[in-house]
Amino acid sequence: MNIYTFKQEEDFVSTGASLIASLLHTKPNAVLGLATGSSPIGIYQRLIEMQQKGLVSFAKASSYNLDEYVGLPEGHAESYRTFMNDKLFNHIDIALENTHVPNGNAQDLNEESRNYDLMLEQHGPVDLQILGLGHNGHIGFNEPDDSLDGGTHLVELQEKTRTANARFFDSLDDVPTQAITMGVGSILKAKQILLLVRGEDKAEIVKRALTGPITTQCPASLLQCHPNVVVLLDQGAGRLLA
């Protein structure tokens, strides 16, 4: 595991964007595992700038997002499909039919989960998987539990997760109670993982995830088992690491 802590936001962003751009230079048809949240936004913006300047192309690439809320109307401002379209896809040369986000409005959510895993098996493995980190140690929407699902599955969101995400909605009551997420097993199949964490409020869970015991009660700790993880932290998130 390679851990980098940055004092400047610019260095955090440029390092993350350069890692993804380098992959696309060496493998134009790369399979990208993408994430939502505040941590990757600056990197997505940098990649848009690079693509518009002709420095990188997504024309042959495909992408698979980690997760999606269940039950939000199509086009809802806080759906993860809307997020990805607005923050990245609509501004680069990727073919929209090659971008995949779980369908949180599928009639049969278990079948949707199985089909998502099937696509990952047929078109993967993911070359580079971007992850954020929840305050309770979740990756994707894999919440702490006595056991974790390996494949894509329906999950009940913990109150701590819903409260953390309530700032994006009018009220806590508007935050969905369920989501579809790639499982930890699916995530760990990626050839390389890029974990992005920003904010002083994440420092304790960063230390627990990266240096603590490997346990399903902190799903991110399972990343310690992966052979190729790059961790980018801002100074606040990394303040408790030696």
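Biologist: Which residues do ring pairs link into a cluster?
Modeller: Tyr 69, Tyr 80, Phe 141 and Phe 169 are joined by ring pairs. Rings of Phe, Tyr and Trp (its six-membered ring) pair if their centres lie within 6.5 Å; planes under 30 degrees apart are stacked, over 60 edge-to-face, the rest tilted. The model is predicted: local features need pLDDT of at least 70, side-chain atom pairs pLDDT 80 or more, while totals for chains, interfaces and linings use all residues. Residues are numbered from 1 along each chain as its sequence is written, and side-chain values use heavy atoms, without hydrogens and water.

Biologist: How many aromatic pairs in the whole structure?
Modeller: The search finds six. Among them, Tyr 80 and Phe 141 have ring centres 6.1 Å apart and planes at 15 degrees, so this pair is stacked.

Biologist: Where do Tyr 80 and Phe 141 lie?
Modeller: Tyr 80 is in helix H3 (residues 80-87) and Phe 141 in the loop between S6 and strand S7 (153-156), so the pair ties together parts 61 residues apart in sequence. Helices (H or I, at least four residues) and strands (E, at least two) are DSSP runs, numbered from the N terminus.

Biologist: Is Phe 141 buried or exposed?
Modeller: Buried, at 2% relative accessibility. Buried means under 20% relative accessible area, exposed over 50%, partly exposed in between (1.4 Å probe, protein chains only).

Biologist: Now the sheet. What is the strand order?
Modeller: The open sheet of seven strands runs S1-S10-S9-S6-S2-S3-S5, with parallel pairing; strands pair if DSSP finds at least two bridges between them.

Biologist: Which strands stand at the edges?
Modeller: S1 (2-6) and S5 (99-100); each has a single partner strand, so one side of each is left without a neighbour in the sheet.
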